[in-house]
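Trainee: Could you walk me through how to read cavities and strands in a model like this one? I would like the general idea before each case.

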Amino acid sequence: MIKNIFSLALLFSVTAFYSIAQDYSGTGNLKYVDPRIGNVGQLLEPTRPTVQLPNQMIRMFPMRNDYMDDQLSGFPLNVVSHRLGEVFSMMPIAEKPDINSWSKRATYDHELEVLRPWYYSTFLIDQDIKVEFVPNQKTGFYRFEFPADAPKSILLGMYNNGESEYRFISKNEITGLETYHDKVKVYLYGVFSEGGSVGVIKNDQLNADTVVKSDRTKNVKAYISFPSKSATKIQFRYAISYISADQARKNFDREFRNQTFETLVKHGEEAWSKVINQIKTIGGTKAQKRSFYTALYRTYERMVDITEDGKYYSGYDNQIHQTTRPFYVDDWTWDTYLAHHPLRTILNPTQEEDMLNSYVSMYDQSGWVPTFPVLFGDNPCMNGFHSTIVFLDAYNKGLKNYDVQKAYEGMKKNADEATMMPWKNGRGGALEQFYYKNGYIPALKPDEKETDTAVHSWEKRQAVAVTLGNSFDDWALGEFARNLGKRDDYQRFHKRGQNYRNLWDASRQMFMPKDQYGKWISIDPVFGGGMGARDYYDENNGWTYLWQVQHDIKGLQGLFGGSQQFENKLDQLFREPLGRAKYAFWAKLPDATGLVGQYSMGNEPSFHIPYLYNFTASPWKTQKRIRFLLDTWFKDNIFGIPGDEDGGGMTAFVVFSSMGFYPVTPGIPQYTIGSPVFEQVTIDLPNGKKFELVAHHCSVVNKYIQSAKFDGKVLNTPWFTHEQLMNGGKLELEMGAKPNKTWGVVR
């Protein structure tokens with residue numbers, strides 16, 4: 001009898017849990033969003049199931065290795081930066097804490113976890129504790145349900161090794177300080193729904209008291225415990241500030257005024273419904289919808305607005321600034337300039353302008369336009385000044401609500417004075433002067449020792465990648481100069497935009513390295529260049545960098561000897577064998593994932609490549625390749641992202657490609673047509689108009705375009721303009737199972 005009662009109770013508990021999961025499924029297309037997609041990476045970093053409001057500061061995900069891990073180490077109160085750290089850890093336990101409690105991990109059941117963009121819940125199965133979370137802009141709300149008549153404690157810790165502190169200011173109020181990235185002070189104010197006995201760890205001993213504080217030191221830990229007979233449900237509401245402890249309290253008071261857990265859940269669902277349902281689709285399979293809308297959700301993880309009551313802390317001068325506009329941080333332009341920023345120019349151009357305005361403010365404060373702007377400043381990553389391309393793309397699409405002249409001043413300073421060396425910040429030196437004079441970065445021969453201290457010891461010179469990337473950046477700067485009537489600058493940077501030609505080896509039909517004397521360095525472009533091919537390329541080999549001339553595709557075709565030779569080489573790319581076992585290839589090039597021949601779907605420099613067939617006599621091959629790549633590498637499961645998803649950088653490719661078009665050359669306000677997976681796509685534009693793409697008879701099989709119309713007029717070329725899209729245009733495609741090899745051919 002007792003066993004039956006227990007079984008019924010367990011059944012009721014599980015049934016209630018799944019009822020909650022259904023309650024939080026969301027309206028409209030929200031039901032297709034699954035944050036678990038991509039939570040296990042092939043070789044590299046998994047995609048985290050971020051719970052947040054779109055582009056807002058408070059982000060949370062359960063701390064685990066990846067989705068395969070069935071234990072959690074805790075729950076952060078905030079993810080400060082995408083893959084760059086968290087602050088203030090929290091973990092509930094159904095036992096009395098001891099000195100070892102903070103090092104234990106909690107087992108959970110995957111099937112009892114609910115992951116929605118605006119709501120999270122899990123069940124810690126060993127201790128029978130239910131955890132729920134809902135985010136707001138600068139605040140978060142946790143609910144913990146403990147087993148009846150059991151000890152109840154909540155552990156608090158730190159993720160960073162700088163100066164930190166917890167202070168209980170009453171039996172249920174706590175403040176905290178955690179130093180993030182050596183200099184950024186992050187402040188906490190929180191309130192528990194119940195008062196309890198509290199304590200901190202000092203000198204490796206638990207110190208309990210009614211109201212206590214920790215010494216400001218490193219690796220601080222604290223706890224709050226509740227009597228066994230107290231309420232089983234404990235709530236914790238908190239606020240975070242990057243400005244001050246007082247501001248954290250103000251954030252708390254503002255965002256929790258007349259709010260409950262349930263109203264915040266509703267508010268979060270509404271916020272996500274607004275952005276996810278901005279794009280409506282008809283047709284496609286359920287799997288395609290899940291991949292598409294989850295990709296769209298990913299594009300709202302970054303950048304994040306850190307403005308608090310008209311103020312923000314800037315890591316670019318370590319000052320507090322007044323502002324009338326949102327200030328955004330957390331962007332990795334090497335990844336996001338390709339598709340993420342261009343997508344935002346369609347969906348939310350006002351927000352994109354605010355982000356560009358933030359870039360200008362960062363230049364004002366630091367003296368440089370950043371490349372990877374995060375909370376603590378410009379994080380020196382990757383190579384190139386691709387924010388220049390972001391500015392040009394937005395400007396040419398009519399986005400000018402920022403100080404355009406100051407932006408140009410900063411971009412020009414980057415181009416003429418900043419270091420071009422990967423993973424470095426600051427002023428350039430001898431290698432940059434060589435580039436300005438000779439038009440390429442000189443490379444070292446294999447096994448030749450580096451003597452220039454400006455070169456990162458691990459990231460190397462990346463001589464070919466840096467030359468190609470800066471050619472694109474300089475072209476963009478030249479085009480911006482022309483827009484502003486700066487003729488001399490235009491001519492100078494336009495010429496530098498042709499520097500890619502200096503590393504074209506006609507005999508190898510590849511971009512190859514040269515030494516300082518202008519002599520070719522003989523390497524294997526597939527496998528040469530050390531770890532990640534970083535001596536010459538970057539994370540990818542010569543086959544990927546063969547196509548890094550988006551700004552001058554006709555010029556690149558000319559280097560091949562014409563359009564047909566260009567097309568033949570594209571075919572070869574997707575068919576070329578690795579020439580060795582995959583384990584050997586990935587041992588040196590682990591970032592080159594999602595392989596099809598030598599093509600790497602899992603890394604950003606490859607995104608535009610399948611669309612290059614639209615510049616040949618065979619646009620149907622773009623349609624074929626895009627459908628294959630989407631179907632093969634972006635499945636709706638935990639393995640459904642083939643590489644590192646850098647907070648929207650990769651999934652923006654999925655959003656564009658699934659809709660059926662893509663910005664091959666950011667900076668040119670034009671889109672090229674691929675193969676939509678849906679019968680109809682409708683984008684509700686911010687100007688009140690709607691862009692429609694109708695693909696008649698579209699299906700998994702019917703992926704080839706037979707004919708096209710734009711606004712009722714026959715369209716025989718595979719592209720259309722940003723202006724046509726924003727004017728509420730209508731693109732109609734007739735789809736079929738076999739390619740029409742004459743449609744869209746460039747003549």
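Mentor: Happy to. Helices (H or I, at least four residues) and strands (E, at least two) are DSSP runs, numbered from the N terminus. This is a predicted model, where local features need pLDDT of at least 70, side-chain atom pairs count only at pLDDT 80 or more, and totals for chains, interfaces and linings use all residues. Residues are numbered from 1 along each chain as its sequence is written, and side-chain values use heavy atoms, with hydrogens and water left out.

Trainee: How many cavities of 30 Å³ or more does the structure hold?

Mentor: A cavity is a set of points, on a 1 Å grid over the protein atoms alone, where a 1.4 Å probe fits but cannot get out; lining residues have an atom within 4 Å of a point. Points are joined across faces, edges and corners, and the volume is the space filled by probe spheres set on them. Here there are seven cavities of 30 Å³ or more. The largest cavity has about 160 Å³ of space. Its lining has 14 residues, and W334, Y337, H386, Y545 and Q548 are the closest to the centre.

Trainee: Which helix gives the most to the lining of the largest cavity?

Mentor: That is helix 11 (residues 463–483), with four residues. For classes, Ala, Val, Leu, Ile, Met, Phe, Trp, Tyr, Cys and Pro count as nonpolar, Asp, Glu, Lys and Arg as charged, and the others, Gly among them, as polar. The lining of the largest cavity has eight nonpolar, five polar and one charged residues.

Trainee: What is the volume of the second largest cavity?

Mentor: About 70 Å³. Its lining includes N55, T299, H340 and R344, and helix 6 (residues 340–347) gives the most, with four residues. By class, this lining divides into three nonpolar, five polar and one charged.

Trainee: Now strands. Why is strand 4 largely enclosed by the rest of the structure?

Mentor: Buried means under 20% relative accessible area (1.4 Å probe, protein chains only). Five of the five residues of strand 4 (residues 75–79) are buried, so the rest of the structure largely encloses this strand.

Trainee: In which sense do strand 4 and strand 5 pair?

Mentor: Two strands pair if DSSP finds at least two bridges between them. Strand 4 and strand 5 (residues 86–93) are antiparallel, over four bridges, and P76 stands opposite S89 in strand 5. The two strands form a hairpin with six residues between them, and R83 in the turn has a positive phi of about 60 degrees.

Methods. On a 1 Å grid over the protein atoms alone, a cavity is a set of points where a 1.4 Å probe fits but cannot get out, and a pocket is an open set with protein on both sides within 12 Å along at least five of seven lines; lining residues have an atom within 4 Å of a point. Buried means under 20% relative accessible area, exposed over 50%, partly exposed in between (1.4 Å probe, protein chains only).
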